[in-house]
Amino acid sequence: MLVKIGALWYNTDMETWMIILIVSASILVSASLGFVIASAAFFKRTFGRRKFVFGKGGAKYGVCPEWFDAPEISAATSDLSVTSFDGLKLAAKIIRARENNGRLAIIQHGYRTDYRVMQPYAQMFYERGYDVLLPSARAHGDSEGEYIGMAWLDRFDVLRWIDKVNELYSGKANIVLFGVSMGGSAVAAACGMSPPLNVKCVIDDCGFSSISDEYDAFFADKPVLGKIMRPSLDAAMRLKLGYSIGDADITELVKNASVPALFVHGTKDGFVPYSLGRKLYSAYAADKEFLSVDGAEHARCYAFDKDAYVSAVCGFADKYCK
């Protein structure tokens with residue numbers, strides 16, 4: 001409809017459509033910007049460094065941090081460091097056994113914790129005569145780094161710690177790789193990257209199969225939101241970390257593994273679902289075993305059935321690391 005205003009004629013239908021288009025575009029831009037901001041915040045919250053505070057909840061996982069302060073352990077503990085492939089100074093504690101029997105366990109902690117949470121496993125190996133190396137993952141504890149490696153970058157750091165051990169022991173230490181949650185995924189991934197031959201076995205307790213699988217598990221009850229946020233999160237990861245969610249597939253790496261592996265997973269794991277542990281196990285190419293802990297929640301297999309856990313894990317390690 002044409003309407004004359006002063007000396008000019010206006011098409012009101014066209015103006016209406018233009019207004020609708022402008023408003024729609026504004027809404028779309030605002031929504032897109034909102035998702036970008038939300039994804040950036042999610043990236044920072046998920047991958048950014050955050051100080052770990054050791055609370056009373058450790059007892060739930062069988063953790064007794066005071067063990068590190070015992071005179072015998074304190075006297076046997078010293079600090080080590082290495083430089084990562086991207087120039088970060090990484091820190092670790094090494095605990096020497098009473099008698100050096102040529103065996104060493106590298107024990108990798110999980111997401112947003114630190115080496116102290118690995119106390120039950122450190123004690124377990126130490127009491128069987130293993131030297132114990134407890135690295136702090138990048139962006140955790142005393143290690144440098146602004147962003148968490150989420151196993152995908154940590155795999156390179158695990159290999160660097162193996163090199164450090166071989167420098168200290170002249171390549172003569174028989175090495176067990178052990179990790180929980182993110183740490184479990186990291187040590188499994190490292191075994192798909194042709195580690196030195198003195199890496200005798202690996203034990204992955206409740207590790208995930210890929211970042212993509214873990215992402216989908218996190219958004220299992222809100223899949224639409226997960227799909228909407230993923231492109232922006234991928235972009236942030238590529239910009240800051242050099243890889244995207246879909247790149248970080250540990251199952252592809254372990255198809256090349258030649259190191260014997262034990263996988264442990266609780267059937268009631270709500271953080272890294274049991275199915276992800278089974279998926280990683282299925283993809284693993286070398287000799288392997290799987291320990292299901294019926295009823296155990298995430299990272300609680302040790303605390304849930306300590307005797308069975310120690311028997312299975314130490315029996316497996318001792319079998320290959322003599």
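Q: How many bridges join strand β3 to β4, and do they run parallel or antiparallel?
A: This is a predicted model. In it, seven bridges join β3 (residues 77-83) to β4, and the two strands run antiparallel.

Q: What does G87 do in the hairpin of β3 and β4?
A: G87 takes a positive phi near 85 degrees. The hairpin has five residues between its strands.

Q: Which sense does β4 take with β6?
A: Antiparallel, over four bridges, with β6 covering residues 131-135. There, I95 stands opposite V132 in β6.

Q: How many residues of β4 are buried?
A: Five of the seven in 89-95, so β4 is largely enclosed by the rest of the structure.

Q: Zooming out, what order do the strands take in the open sheet?
A: Eight strands, in the order β3-β4-β6-β5-β7-β8-β9-β10, with mixed pairing.

Q: Which strands stand at the edges?
A: β3 and β10. Each has a single partner strand, so one side of each has no neighbour in the sheet.

Q: And by how many degrees are neighbouring strands turned against each other?
A: By 20 degrees on average, ignoring direction.

Q: Do β8 and β9 run parallel or antiparallel?
A: Parallel, joined by four bridges. D204 has F263 in β9 as its bridge partner.

Q: Which strands does α9 lie across?
A: β8, β9 and β10, and α9 runs at about 170 degrees to β10.

Q: What about α11?
A: α11 lies across β5, β7, β8, β9 and β10. Its angle to β8 is about 160 degrees.

Q: Back to α9. Which of its residues are buried?
A: In α9 (residues 274-283), they are L276, G277, L280, Y281 and A283. They span an arc of only 170 degrees around the axis, which puts them on the same side of α9.

Q: Why do residues three or four places apart point the same way in an α-helix?
A: Because an α-helix has 3.6 residues a turn.

Q: What do the buried residues of α9 pack against?
A: Helices α5, α6 and α8, plus strands β8, β9 and β10.

Q: New topic: how many aromatic pairs does the structure hold?
A: It holds 20 aromatic pairs. Take F43 and Y147: their ring centres are 5.3 Å apart and the planes are at 45 degrees, so the pair is tilted. This pair links distant parts of the chain, 104 residues apart. F43 is in helix α1, and Y147 is in the loop between β6 and α4.

Q: Is F43 buried or exposed?
A: Buried, at 4% relative accessibility. Y147 also counts as buried, at 14%.

Q: What about Y121 and Y309?
A: They form a tilted pair, 6.0 Å centre to centre, with 50 degrees between the planes. Y121 lies in α3 and Y309 in α11, so the pair ties together parts 188 residues apart in sequence. Y121 is buried at 2% relative accessibility, and Y309 is buried at 1%.

Q: Which residues do ring pairs link into a cluster?
A: Y121, F125, Y130, F178, Y302 and Y309.

Q: Where does the charged end of R103 sit?
A: Over the ring of Y130, 4.0 Å from the ring centre. Y130 is one of the cluster residues.

Q: And R278?
A: The charged end of R278 sits over the ring of F290, 4.3 Å from its centre.

Note on methods:
Residues are numbered from 1 along each chain as its sequence is written. This is a predicted model: local features need pLDDT of at least 70, side-chain atom pairs count only at pLDDT 80 or more; totals for chains, interfaces and linings use all residues. Side-chain values use heavy atoms; hydrogens and water are left out. Buried means under 20% relative accessible area, exposed over 50%, partly exposed in between (1.4 Å probe, protein chains only). The arc is that of the directions from the helix axis to the C-beta atoms. Contact means heavy atoms within 4.5 Å. Two strands pair if DSSP finds at least two bridges between them. Rings of Phe, Tyr and Trp (its six-membered ring) pair if their centres lie within 6.5 Å; planes under 30 degrees apart count as stacked, over 60 as edge-to-face and the rest as tilted. A charge sits over a ring if NZ of Lys or CZ of Arg is within 6 Å of the ring centre and within 35 degrees of the ring normal. Axes are lines fitted to C-alpha atoms, for helices over the stretch in contact, and angles run from 0 to 180 degrees between N-to-C directions.
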